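Please read them with the structure open.

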Amino acid sequence: MDTHPVVATGGSAAAASGPLPAHGPKSVLHELEQTLLAIEMIGLGARLQVLEAEVSLPRERLTRLYKELCGTSPPKGMLPFSTDWFLSWRPNAHASMLLGAYRHMVRAGHLDGVRATLAGFRMYREHLSVTGEAAQLSFTRAWMLVRFYERGMLQLARCQCCRGEFVVCANDARQRYICGLCLPPARAGKCRKPGPAGT
Ligand SMILES: [Zn+2]
């Protein structure tokens, strides 16, 4: 599954030379790196609050960049702060897929922080483009999910039935966990085939 680079501004010469060495916060190269990171994140739909948390550029610069790229002002309002959303049936399957991709990028891809989130999110979307299923997670949701996971507010539990790993609440990491795909709630079958319990 080869991916095309989302930001093509680096060019093959820059890509071949590997990651840029560390630069001071005021260096031109550091600013360029941060600007490219912001462009990549905006391209995937990141909210302004996410950009502010991850990109070390002034808020004004980020807002201007957002306007230039999207043609509109960044949406106002809070980020979704609840962990509950990731536990409901359909989002949970997607959240589990995303977190699996993120962890793969950390372990096998040797990425960390927002770079691992970006790579994991692209991997998640590639999976969906193969199956044709609509994405449940926006980039901002994916970023929140990783944050909840890294802070221990959400965990992964292995399903005793399918052996897959699924997102669960931190205080709900049960020993005998069975995932929502193996044991869907009655409601979940509403727009699909009725579940085994449907009579
Ligand atoms: Zn299962």
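The points below go from the overall fold to the metal site, the strands and the salt bridges.

1. Ground rules. This is a predicted model, in which local features need pLDDT of at least 70, side-chain atom pairs count only at pLDDT 80 or more, and totals for chains, interfaces and linings use all residues. Residues are numbered from 1 along each chain as its sequence is written, and side-chain values use heavy atoms, with hydrogens and water left out.

2. Overall fold. The chain has seven helices and two strands. Helices (H or I, at least four residues) and strands (E, at least two) are DSSP runs, numbered from the N terminus. In sequence order the pattern reads α-α-α-α-α-α-α-β-β.

3. Of the 199 residues in the chain, 34% are buried. Buried means under 20% relative accessible area, exposed over 50%, and partly exposed in between (1.4 Å probe, protein chains only). Contact means heavy atoms within 4.5 Å. Among contacts with a separation of 6 or more, 54% are between residues 24 or more positions apart.

4. Surface. The chain has an accessible surface of about 12,300 Å². Carbon and sulfur atoms supply 55% of that surface. Areas come from the Shrake-Rupley method with a 1.4 Å probe; for residues, only the protein chains shown count as cover.

5. Zinc donors. Which residues hold the zinc ion as protein donors? They are Cys159, Cys162, Cys179 and Cys182, each through SG, at 2.3 to 2.4 Å. Donors are N, O and S atoms within 2.8 Å of the metal (3.2 Å for Na, K and Ca); water is not among the atoms, so sites may look incomplete. Along the chain the donors have the spacing C-x2-C-x16-C-x2-C. Cys162 sits in the loop between strand S1 (154-158) and strand S2 (165-169), and Cys179 in the segment after S2, so this pair ties together parts 17 residues apart in sequence.

6. Zinc geometry. The site is tetrahedral, with angles of 105 to 115° among its four donor atoms. The rule: four donors count as tetrahedral if all angles lie between 85 and 135 degrees. Are Cys162 and Cys179 buried or partly exposed? Cys162 is partly exposed at 38% relative accessibility. Cys179 is buried at 0%.

7. S1 and S2 run antiparallel and are joined by five bridges. Two strands pair if DSSP finds at least two bridges between them. Gln155 has Val168 in S2 as its bridge partner. Arg158 is partnered with Glu165 in S2. The hairpin has six residues between the strands, and Arg163 there takes a positive phi near 70°.

8. Glu165. This residue lies in strand S2 and is partly exposed at 32% relative accessibility. Not counting residues up to four places away in sequence, Glu165 touches Ser96, Arg103, Leu156, Ala157 and Arg158. Glu165 and Met97 are 68 residues apart in sequence, yet their C-alpha atoms are 8.6 Å apart.

9. The criterion is a side-chain nitrogen of Lys or Arg within 4 Å of a carboxyl oxygen of Asp or Glu. One of them joins Arg158 to Glu165, at 3.8 Å N to O. Arg158 is partly exposed at 38%. Arg103, Arg158 and Glu165 are linked in a network of salt bridges.

10. The side chains of Glu40 and Arg122 form a salt bridge, with N to O at 1.9 Å. Glu40 lies in helix H2 (residues 28-43) and Arg122 in helix H6 (residues 113-131), so the pair ties together parts 82 residues apart in sequence. Glu40 is buried, at 11% relative accessible area. Arg122 is partly exposed, at 22%.

11. One further salt bridge. Arg59 pairs with Glu52, and their closest N and O atoms are 2.9 Å apart. Arg59 is partly exposed, with a relative accessible area of 49%. Glu52 is also partly exposed, at 33%.

Key
Tetrahedral: all angles 85-135°; square planar, octahedral: opposite > 155°, others 65-115°.
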